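Please look over the sequence and the model below, beginning with the ligand and then turning to the charged pairs.

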Amino acid sequence: MSLKEELEQLRQRALHELKGLKDSSGLAELEVKYLGRKGELARGLKALQDVVAEERPRLGELANQVKREVEEAFATIKQKFGNGTPAPIDVTLPGIPPLRGHLHPVLAVQRELEELFRSMGFMVLDGPELESEFYNFEALNIPAWHPARDTQDTFYVKGGEPKNRWLLRTHTSPVQVRALQDYGAPIRAIVPGRVFRYEATDASHETTFWQMEGLVVDKDISVSHLIATMKALLTGIFKREVEVRLRPGYFPFVEPGFELDIKCLVCGGTGCSVCKHSGWVELLPCGLVHPKVLEYGGVNPKEYSGFAFGLGLSRLAMMRYKIDDIRLLLSGDLRFLEQF
Ligand code: DAH
C-alpha cells in the first residue's frame, strides 16, 4: 500500500472509531493510538522520510491535512464528552461553607442590653405573651374602669373568666408582679419580650413590637438610682453621650412617673417621621414602683421601694441603626435584614 493510501485509510479509521464512541470512556486510549508520540500519525509522518524527494511535498501536505482533520475531530468530541479523564478530586480544597444567618437588629440590641444588665447584677426574665387581664392591668393598678385601659386596647382571646379574660399582653410590665411573686424582694430584673397592640400601623406604630421591662426593688431605692441606671443603659447602647430630657409622665403603676426622651438619632433633632417631627423620641417611660404594685407582688411597701422602666426595644433598635419605618422589622424582607 502506498503511503498516500495508508494516510487516507488512517484518516478514515480514526474518524470512524471516533464516531463509534458513546461516551468519554476509551477516548484517551484512542487519542494515544492516533495522535500519541508513537501513534499512527507519527508513524505516517516518519515514513515521509523514505519516499522519493519529488513526492515528499505532496504527501507531506496530505499528512498534515490528515493530522489537522483528526485533531479537530478529537477536539470536537472532547467538547461533547469532556476530555475523558475525570477531574481529580482535591480533598484538601475548602468546602462550600453553609450560609450563616445573623441576629435580627432588635435581637442584637436585646443581647447587648442583657449583657450590660447582667453585669450590673440583673436577672433576665421571661413572661407569657398570652396574659391575663389581672396581670396585664389589675395588678398594675389599672382597674377595669380606668381610662388607661383604652390607651392600650388589645387583642382579647376567647376563654378565661368574664372578669379575667385572656389577652395578648400590651406591655412587659405584667412580669413586674409575676417576678415579685416568684422571687420577692430585693430583686433586680429585666424582661425583654414581644408585646401587642390593636394599632393602626404607620412608620412608628406596629401591632407587634418589642419592649424591655426593668425592675429594681430594694431598701431605700430612689429616683437617683433610676436616673443613674438609665444613663448607664443609654451610654452602654449608643457608646456615646445621648441628649436626653426628663418629663413628668403618668402611668398608674409608678409614682412619680417620668418620660425619658432622647434626641432623635435618625434626623438629629430636625424632625422626621420617626420622631413625629418633634426632634425627640419617647424611649424610656419610668418611675418609682407604685405601693399597690408592690402589694400585689407580696412585698411590703413600708419596707421596700423600687423603680421600673419600660424600654421601647424596637424604637431603640431603630435609633441605633437609623431605621425609619418600624414595619420593616417584621417584614421579613431580606433586602432589609441583610444590611445588618
Ligand atoms: N408599660 C408601659 C407601656 O407599655 C411602659 C412603662 C412605663 C413601663 C413606666 C414601666 C414604667 O415600667 O415604669 O406603655
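**The ligand and the salt bridges**

A polar side-chain atom of Q211 comes to 2.9 Å from an oxygen atom of the ligand, a polar contact being a pair of N or O atoms within 3.5 Å, where within protein one must be able to donate a hydrogen and the other to accept it, and residues adjacent in sequence count only if both atoms are side-chain atoms. From the backbone, a polar atom of A308 lies 3.2 Å from a ligand oxygen, and an N or O atom of F309 lies 3.3 Å from a ligand oxygen. The protein covers 93% of the 360 Å² of accessible area (Shrake-Rupley method, 1.4 Å probe; for residues, only the protein chains shown count as cover) that the ligand has on its own.

This is a predicted model, in which local features need pLDDT of at least 70 and side-chain atom pairs count only at pLDDT 80 or more, while totals for chains, interfaces and linings use all residues. Residues are numbered from 1 along each chain as its sequence is written, and side-chain values use heavy atoms, leaving out hydrogens and water.

The whole structure holds 20 salt bridges, each a side-chain nitrogen of Lys or Arg within 4 Å of a carboxyl oxygen of Asp or Glu. One of them joins E131 to R178, with the closest N and O atoms 2.7 Å apart. E131 belongs to strand 2 and R178 to helix 8, 47 residues apart (DSSP runs numbered from the N terminus: helices H or I, at least four residues; strands E, at least two). E131 is buried at 0% relative accessible area, whereas R178 is partly exposed at 23% (buried means under 20%, exposed over 50%, partly exposed in between; 1.4 Å probe, protein chains only).
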